[in-house]
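Subject: Structure handover, with notes on pockets and strands

Hi,

Here is the structure I promised to pass on.

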Amino acid sequence: MTHPWFMGEPGPRVLAHRGFVPPTSEGVAENSVAAIAAARGAGTVYIESDCHLTADGEVVLFHDDDLRRVTGDPRPVASVPARELAAIMSTRGGLAMLADVLDAFPDARFNLDVKAPAAAEQVGWLVARESHRVLLTSFSDERRRAALTSARAKGGDPATSAGTSTLARILAAARSGLPRLARAALAEVDALQVPERHRGIRIVTPRLLQTAHRAGVEVHVWTVNEPADMRRLIAMGVDGIVTDHADRGIAVARGRL
């Protein structure tokens, strides 16, 4: 059966990468409350974001390990209490705390990448009650599985996409023409979220799409910002586009651009 996360809107899906920061906005940071609101305002229900843990154990939506790129502060996210981080982010669109945004955006679907090992258990606890609209992922399959285990222990069952090691097994099996091995690896995930190419090697191929779709698994491609690339990938048969420009993505997906 299809996980409820995938019932948020008809495909192709548009996943707002770290929310959406409109070009005309001033001072708004990625992954902020304002960026999530802008993504919803652009028309997408799917919000892609990242999870870190603050010094006092709060899960916040933040991509980098430290604050340097977003705020100019060199400290790691894990060394800053949530209240102080909220003050820092108050002029940058507002700190997005996971528990708060789940409540504030009840119609959104969240695609959450667990960035910090220490955050995995807490992320699972927080999303368990809303797991019908959460997809958990991580480059680390260990972190991904830890968050899933935590959510399931609380009665939740989020969707999930493959980490690096699981994806490597799927790609190897698909390229080698070993459908049984590919199906076994695909059985534990609901989606593959991949770049079109990695280090010059094409990841998204007709064979991968066919292998995934036969197993009932969607393929989402990141990070795609040009409308021509979006149209080309959708024509290939990808199920979702992860983009920094949710407005463009929605226009392409709905045939308006």
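Below is what came out of the analysis, starting with the ground rules.

This is a predicted model, so to speak of local features we ask for pLDDT of at least 70, side-chain atom pairs count only at pLDDT 80 or more, and totals for chains, interfaces and linings use all residues. Residues are numbered from 1 along each chain as its sequence is written, and side-chain values use heavy atoms, with hydrogens and water left out.

**Pockets**

Rolling a probe the size of a water molecule over the atoms shows where empty space is left. Grid points are joined across faces, edges and corners, and a volume is the space filled by probe spheres set on the points. Helices (H or I, at least four residues) and strands (E, at least two) are DSSP runs, numbered from the N terminus.

The largest pocket comes out at about 540 Å³. Its lining has 27 residues, and those nearest the centre are Phe-139, Gln-193, Val-194, Pro-195 and Trp-222. Two or more lining residues each come from β1 (13-17), β2 (46-53), β4 (109-114), α7 (164-175) and β7 (191-195). Helix α7 supplies the largest share, four residues. Sorted by class, the lining has 11 nonpolar, 11 polar and five charged residues; here Ala, Val, Leu, Ile, Met, Phe, Trp, Tyr, Cys and Pro count as nonpolar, Asp, Glu, Lys and Arg as charged, and the others, Gly among them, as polar.

The second largest pocket has a volume of about 190 Å³. Among the residues lining this one are Ala-173, Leu-178, Pro-179, Arg-183, Arg-207 and Arg-214. The elements giving two or more residues to this lining are α7, α8 (179-186) and α9 (206-214). This time α9 gives the most, with four residues.

How many of the five residues of β1 are buried? Five of the five are, so the strand is largely enclosed by the rest of the structure (buried means under 20% relative accessible area, exposed over 50%, partly exposed in between, with a 1.4 Å probe and protein chains only). In a regular strand the side chains alternate between the two faces of the sheet. Here both faces of β1 are covered, with Arg-13, Leu-15 and His-17 buried on one side and Val-14 and Ala-16 buried on the other.

β1 runs parallel to β11 (residues 240-243), joined by four bridges; two strands pair if DSSP finds at least two bridges between them. The pairing of β1 with β2 is also parallel, over three bridges. Leu-15 takes part in both: it stands opposite Val-242 in β11, and its bridge partner in β2 is Tyr-46.

β1, helix α1 (residues 33-42) and β2 also form a right-handed β-α-β unit. Right-handed means that, with the strands pointing away from the viewer, the path from the first strand over the helix to the second runs clockwise.

**Individual residues**

Asn-111 sits in strand β4 and is buried, at 1% relative accessible area. Beyond residues up to four places away in sequence, Asn-111 touches Leu-15, Glu-48 and Gln-193, among others (contact means heavy atoms within 4.5 Å).

Val-21 is in the loop between β1 and α1 and, at 31% relative accessibility, is partly exposed. Leaving out neighbours within four places, Val-21 is in contact with Val-28, Ala-29, Glu-30 and Ala-35.

**Backbone points to check**

The peptide bond from Gly-11 to Pro-12 is cis, with omega near -5 degrees; Pro-12 belongs to the segment before β1. Asn-31, in the loop between β1 and α1, has a positive phi near 65 degrees without being a glycine, and Asn-31 is buried at 3%. Arg-199 also has a positive phi, about 55 degrees, and is not a glycine. It lies in the loop between β8 (197-198) and β9 (201-202) and is exposed, with a relative accessible area of 78%.

Cheers

Terms used: On a 1 Å grid over the protein atoms alone, a cavity is a set of points where a 1.4 Å probe fits but cannot get out, and a pocket is an open set with protein on both sides within 12 Å along at least five of seven lines; lining residues have an atom within 4 Å of a point.
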